[in-house]
Amino acid sequence: MTVLGQLRPSLCAVAAGWLTCIAAPAGAEDADGGIHADWNGVWFTEQGARTQISGFLSAEDARRGNQLPLIDLGAPWTDEARARFRERLSQAAVSKSDGWGYPMMMMSLTPLEFVVTPEQVLILTVYRDLRRIATDGRPLSPPEDRWVTAWGESVGHWEGDTLVIETVAVRQPNLFFRAPPFSEAAHYTERLRKVGPDRIEGEMTIDDPGALTASWTVKQAYVRAEGLDHLVMDTFSNDRTTIEDGIFAILPPEDER
């Protein structure tokens, strides 16, 4: 058994039970004239920088009461949405094999990988969540042509060093974590700006007449995972994570136990 309770997640990431430590290349390939190529790579949400191998907060952060930004009963929910939210919070989480869904994947404790090209930006997680953000100038599909999914439809554009994203057609998936009760009519506007070599600051504004009485803005920051240039995906049938004496660890392959 490999004990991992003390490893820094900035150096390693776990994908479906596999610990992956990969050296980052010396320089990123030009994705769009060199302006945004250095977004490529793996990033942790700021409050997730001390998470354990399971993706949960460390005991220290849990004691401090840290929580995910979107899990907030104080937001401007309608009375009906607040009641649904309270009910969800009392229920058990769904299987992690279902992923996080959007918008939770942007506020979760799992690492994110950004892949930037001139035509699109991809954002993915080790739970196989995938957002495809078109940046080639296309508009959002007309309402009658939209396909509602757990990750929605996104288009974006660059305003200097800021990526502005509009997302619609998100099905309320209630995946993995007990997600907030947004409706399929919700409209999400994100602004992601790289403010330093190893830090991206984000702002998400949600307008949802089906669940909110007013616009709600949530902020999030992301820090670069040093020494890691991409995530490795696998199925959760190959999950070898375990907890022993309160420490997260990875078991040997089944045929070696």
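What does the accessible surface of the protein come to, and how much of it belongs to carbon and sulfur atoms? After that, please zoom in on Glu 190: in which strand is its place?

Guide: Happy to. This is a predicted model, where local features need pLDDT of at least 70, side-chain atom pairs count only at pLDDT 80 or more, and totals for chains, interfaces and linings use all residues. Residues are numbered from 1 along each chain as its sequence is written, and side-chain values use heavy atoms, leaving out hydrogens and water.

The accessible surface is about 12,500 Å², with 51% of it belonging to carbon and sulfur atoms; such areas come from the Shrake-Rupley method with a 1.4 Å probe, and for residues only the protein chains shown count as cover. Of the 257 residues, 46% are buried, meaning under 20% relative accessible area, with exposed over 50% and partly exposed in between (1.4 Å probe, protein chains only). The protein has two helices and 14 strands, taken as DSSP runs numbered from the N terminus (helices H or I, at least four residues; strands E, at least two).

Now to your residue. Glu 190 lies in strand 10, and it counts as buried because its relative accessibility is 2%. Its side chain makes a polar contact of 2.8 Å with the side chain of Tyr 102 and another of 2.8 Å with that of Arg 131. A polar contact here is a pair of N or O atoms within 3.5 Å; within protein, one must be able to donate a hydrogen and the other to accept it, and residues adjacent in sequence count only if both atoms are side-chain atoms. Setting aside neighbours within four places in sequence, the contacts of Glu 190 (heavy atoms within 4.5 Å) include Met 106, Leu 163, Val 164, Glu 203 and Met 204.

One of these partners, Met 106, is also among the residues that touch the most other members of the largest nonpolar core, which has 45 residues. A nonpolar core is a set of buried Ala, Val, Leu, Ile, Met, Phe, Trp, Tyr and Cys residues joined through side-chain atoms within 4.5 Å. Strand 10 (187–196) is one of the elements that each supply at least two residues of this core, as are strand 9 (162–168) and strand 11 (199–207).

A word on confidence: pLDDT, the predictor's confidence in each residue, runs from 0 to 100. Strand 9 has the highest mean pLDDT among the elements (97), and strand 3 (residues 18–20) the lowest (39). Over residues 1–33, pLDDT is below 50.
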